[in-house]
Amino acid sequence: MSTHAAKPARTRFAPSPTGRTHLGGGRTALYDFLVARQTGGQFILRIEDTDRKRYSPDSERELFESLRWLGLQWDEGPEVGGPHAPYHQSQRKDIYLEHAHLLVEMGHAYFCFCSLERLERIRQEQQRRKEPPRYDGTCRRLDPDEAARRVAAGERHVIRFKMPQEGSTTGVDRLRGEITVENRNLDDYIIVKSDGWALYHLAAMVDDHLMEITHVIRGSEWLPTFPLHVHIIRAFGWEEPDWVHLSIFLKPSGKGKMSKRDTADLMKDGFSIYLTDLRDLGYLPEAVVNWTALMGWSYDDRTEFFSMPELIEKFSLDRLNPSPAAINFSKLDHFNGLHIRKLPAPDLAARLRPFFEKAGYHKIDEDKLLKVTPLVQPRIVTLEDALVMGGFFFEEEVYPNLVDLVGDNMTPADSAAALRRAEQILTGLPELRRESSEEAFRALAEELDLSAGQLFGILRVAVTGKTVSPPLFESMGVIGKDTVVRRIRNAIDLLENYAA
RNA sequence: GCCCCCAUCGUCUAGGGGACCAGGACGUGGCCCUUUCAAGGCCAAGACCGGGGUUCGAAUCCCCGUGGGGGCACCA
């Protein structure tokens with residue numbers, strides 16, 4: 001695909017807004033987007049909301065938000081319009097109905113008047129006899145003129161696709177090659193419900209054709225009905241798109257698909273399969289894109305770090321892997337760290353700001369944030385980690401634990417004495433810069449017969465309130481001399497009050 | 001039960017008849033660097049599901065098992 005200039009592709013992401021947008025959808029949309037961008041074609045978003053009972057406006061909002069967060073802006077679809085509008089299937093009911101009637105006229109479909117109850121009876125009977133559950137074909141044998149009269153008379157009916165009963169059907173999947181199914185294993189699927197709404201099988205094929213879709217990239221859960229879709233397209237005499245059935249995602253253990261329970265467990269570990277959760281958890285869209293792109297696709301035997309432009313250039317449907325993939329969140333952490341470190345500091349600072357603000361650190365000074373950013377940058381894996389790693393920079397006071405203030409193999413009195421000397425040195429310093437302060441404090445350690453680790457450890461706790469922090473002297477420089485001195489005095493008080 | 005898909009380190013993967021005592025990445029362990037924590041560098045352990053075939057030669061092709069996954073709605 002990338003080897004020779006392909007003709008512009010028209011791809012579509014066609015989700016059903018009945019739940020939250022997750023990794024699987026994100027990856028499908030990403031591949032759609034990449035193929036469109038790579039070939040100079042269009043990425044279309046189509047909302048499959050023909051099931052009015054399951055439709056949820058919240059889901060749709062979250063869908064748009066998720067795709068945009070990932071950087072997958074659609075060229076045609078809701079909110080942006082396009083030459084094939086409307087892009088909500090709920091607004092295209094008549095189009096599907098017309099096409100269904102066309103199929104009936106051509107003899108590829110028929111009206112069915114069987115009741116739900118009768119269908120249920122047949123199903124149970126078949127189950128009892130261990131037969132595959134299928135429509136028994138009663139209405140298929142009806143005289144078409146009579147069926148038409150009953151429809152005209154207002155009798156409740158559905159429209160079924162007339163599947164050939166002999167032979168087999170072969171479709172070609174881009175990653176698996178030919179997929180052949182015996183026609184007798186296929187059912188006379190309902191394509192229009194009794195309320196007049198088309199089902200996916202019809203609606204999607206009609207829209208894909210009308211919208212001139214060249215590549216249907218979708219989940220492999222569609223593989224079993226793939227031959228049906230091929231049949232519908234052939235019945236109309238349309239050209240088939242390229243079919244790409246993506247592998248599914250397994251839970252991290254590799255044992256089965258993600259369940260509700262798994263999702264809840266995941267959140268406890270600070271992970272989620274939902275895109276907006278990942279955003280709120282402090283993951284970068286760049287990292288999520290890079291990570292999911294590699295779940296089922298590879299470039300070569302060593303390159304793994306990709307930006308969106310690089311993916312657009314290098315992505316290829318020919319290098320997709322058909323086997324199911326377990327989700328590996330520790331690899332997401334890895335990619336997030338990588339992308340965080342790659343970011344220019346001002347960019348990272350801008351992304352960090354909302355996390356600090358949400359945590360209650362208001363009036364964050366831009367200059368200070370810009371200084372803090374490179375200090376936390378190599379030390380965080382998510383944006384949210386910056387709160388723990390660098391919160392003390394924006395805190396008025398810090399509250400160290402007494403035990404942490406006492407150095408290794410030292411008494412509280414020793415620590416207090418060391419801090420007193422540190423305070424003297426600090427106040428004597430004309431300004432607080434890393435080079436000068438580090439030199440002075442190294443000398444102090446020697447004077448007190450302490451290791452650098454001992455002294456710096458005490459200072460770190462006094463100044464940052466924590467045992468783990470960015471490098472001490474750089475940190476002190478950002479915090480400022482007055483605040484550093486005040487915090488050291490507080491630590492001395494703490495130690496001496498304990499002694500008393 | 002029936003149908004379909006899949007099968008290389010714990011995980012994501014490279015490999016597509018000889019270049020493979022199987023390469024990379026995450027994770028894990030160790031070392032170096034180092035004021036803590038990271039980052040970074042180096043090293044280590046770790047896999048071709050089983051059985052048949054085809055072939056001079058199989059991780060690679062074929063068949064059968066087995067295992068895993070998906071689907072069997074007037075959902076998508």
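**View 1. Polar side chains at RNA strand B.** In this predicted model, a polar side-chain atom of Glu48 lies 3.3 Å from a sugar or linking oxygen of RNA strand B. Local features need pLDDT of at least 70 and side-chain atom pairs count only at pLDDT 80 or more, while totals for chains, interfaces and linings use all residues. Side-chain values use heavy atoms, without hydrogens and water; residues are numbered from 1 along each chain as its sequence is written, with chains lettered from A and ligands numbered from 1 in the order in which they are written.

**View 2. The protein surface near RNA strand B.** Around RNA strand B there are 63 residues, of which Thr50, Lys193, Glu304, Pro378 and Arg460 come nearest; a residue is near a strand if one of its heavy atoms lies within 4 Å of it. By class, this surface has 27 nonpolar (Ala, Val, Leu, Ile, Met, Phe, Trp, Tyr, Cys and Pro), 20 charged (Asp, Glu, Lys and Arg) and 16 polar residues (the others, Gly among them). Sugar or phosphate accounts for 70% of the RNA strand B atoms within 4 Å of the protein, and bases for the rest. Helix α12 gives the most to the surface, with four residues; helices (H or I, at least four residues) and strands (E, at least two) are DSSP runs, numbered from the N terminus.

**View 3. The open sheet β3-β4-β7.** Three strands form an open sheet in the order β3-β4-β7, with antiparallel pairing; two strands pair if DSSP finds at least two bridges between them. Because β3 (109-112) and β7 (190-192) stand at the edges with a single partner strand each, one side of each is left without a neighbour in the sheet. Strand β4 (residues 158-161) pairs with β7 over two bridges, and the bridge partner of Arg160 in β7 is Ile190.

**View 4. Leu30 in helix α1.** Leu30 lies in helix α1 (residues 23-39). Leu30 touches Leu72, Val289, Thr292, Ala293 and Met308 (heavy atoms within 4.5 Å), not counting residues up to four places away in sequence.

Conventions:
A polar contact is a pair of N or O atoms within 3.5 Å; within protein, one must be able to donate a hydrogen and the other to accept it, and residues adjacent in sequence count only if both atoms are side-chain atoms.
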